[in-house]
Amino acid sequence: MNQILERDPADPQKTGKETLNPLLKLVLELGPLMVFFFANARGAWLAQKFPALADLGAPIFIATGLFMAATVIALAASWLLVRRLPIMPLVSGIVVLIFGALTLYLQDDTFIKMKPTIINTLFGAVLLGGLAFGKSLLGYVFDEAFRLDAEGWKKLTFRWGLFFFFLAIINEVVWRNFSTDFWVAFKVWATMPITILFTACQMPLIMRHSLEEQAKK
């Protein structure tokens with residue numbers, strides 16, 4: 001386990017191991033989500049082409065099964081490429097497999113719909129809980145994305161903690177009040193752009209507290 005999630009105690013962002021190309025990392029993280037969207041939209045067609053998938057049930061259950069498989073493949077590819085697993089995709093993957101299995105076994109899509117709520121609440125609680133104990137844990141979530149001073153990590157951790165709770169609330173509102181197809185589309189085409197926009201809005205703070213920028217002065 002230490003090898004899989006290895007970190008330098010002095011700097012949680014340093015692992016001493018090769019890192020993924022940013023574009024490839026994005027593909028591995030978004031790939032399973034796109035598989036989920038496609039399988040839900042074309043579930044009936046997939047069931048005709050691959051009769052074994054029809055045993056899973058309605059399109060949302062076919063999408064859930066393929067989402068689980070794609071998640072495992074993405075994690076395996078990450079491990080094969082850099083011999084370690086980023087914390088956030090690993091935790092997300094575990095929750096996907098648990099709630100996906102419940103969804104398929106009980107034939108109840110409530111579980112897979114609750115998955116984003118559970119993941120975002122978990123990360124929000126961990127980040128804000130860490131701050132309560134004087135720990136800025138965002139370096140583990142971003143996995144080598146930035147190098148900031150202590151004050152920068154504290155501020156960014158607080159913002160991301162609140163944002164994760166915001167995503168959890170949005171997910172609850174959408175899946176409880178709209179159709180499954182709308183929820184799936186929102187998850188792919190709204191949640192990701194919102195997250196990208198939020199990340200972009202943090203760049204001024206990141207630049208102010210960047211160790212690289214401070215070293216240039």
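Which residues make a nonpolar surface patch of about 440 Å²? The patch is made by L23, L24, L26, V27 and L81. The model is predicted: local features need pLDDT of at least 70, side-chain atom pairs count only at pLDDT 80 or more, and totals for chains, interfaces and linings use all residues. Residues are numbered from 1 along each chain as its sequence is written, and side-chain values use heavy atoms, with hydrogens and water left out.

## Overall fold

The protein chain has 12 helices and 0 strands. Helices (H or I, at least four residues) and strands (E, at least two) are DSSP runs, numbered from the N terminus. The order of elements is α-α-α-α-α-α-α-α-α-α-α-α.

The chain holds 217 residues, and 41% of them count as buried. Buried means under 20% relative accessible area, exposed over 50%, and partly exposed in between (1.4 Å probe, protein chains only). Accessible areas come from the Shrake-Rupley method with a 1.4 Å probe; for residues, only the protein chains shown count as cover. Among contacts (heavy atoms within 4.5 Å) between residues at least 6 apart in sequence, 70% join residues at least 24 apart.

## The nonpolar patch

Helix 1 (residues 22-41) gives the largest share of the patch, 4 residues. V27 is found in helix 1. Its relative accessible area is 49%, so V27 is partly exposed. Patches are made of residues with over 30% relative accessible area and no salt bridge; like charges are joined within 9 Å, nonpolar side chains (Val, Leu, Ile, Met, Phe, Trp, Tyr) within 5 Å.

## Two nonpolar cores

A nonpolar core is a set of buried Ala, Val, Leu, Ile, Met, Phe, Trp, Tyr and Cys residues joined through side-chain atoms within 4.5 Å. The largest one has 18 residues. Those with the most contacts inside it are F36, L46, I60, I62, F67, W183 and V184. Two or more residues each come from helix 1, helix 2 (43-49), helix 4 (59-82), helix 8 and helix 9. Helix 4 gives the largest share, 6 residues.

V184 touches F36, F37, N40 and I60, leaving aside residues up to four places away in sequence. A second, separate core has 17 residues, including I119, W153, F164 and I206. In soluble globular proteins, nonpolar side chains tend to be buried together.

Which residues of helix 9 (residues 180-189) are buried? They are T180, W183, V184, K187 and V188. Seen down the helix axis, these buried residues fall within an arc of 125°, so they line one face of helix 9. The arc is that of the directions from the helix axis to the C-beta atoms. On the other side, D181 and W189 are exposed.

## Salt bridges

The whole structure has 2 salt bridges. Each needs a side-chain nitrogen of Lys or Arg within 4 Å of a carboxyl oxygen of Asp or Glu. K113 pairs with D109, and their closest N and O atoms are 3.5 Å apart. K113 is buried at 7% relative accessible area. D109 also counts as buried, at 18%.

E172 and R176 form a salt bridge at 2.7 Å, N to O. Both lie in helix 8 (residues 150-177), 4 residues apart, about one turn of the helix. An α-helix has 3.6 residues a turn, so residues three or four places apart point the same way. E172 counts as buried at 18% relative accessibility, whereas R176 counts as exposed at 54%.
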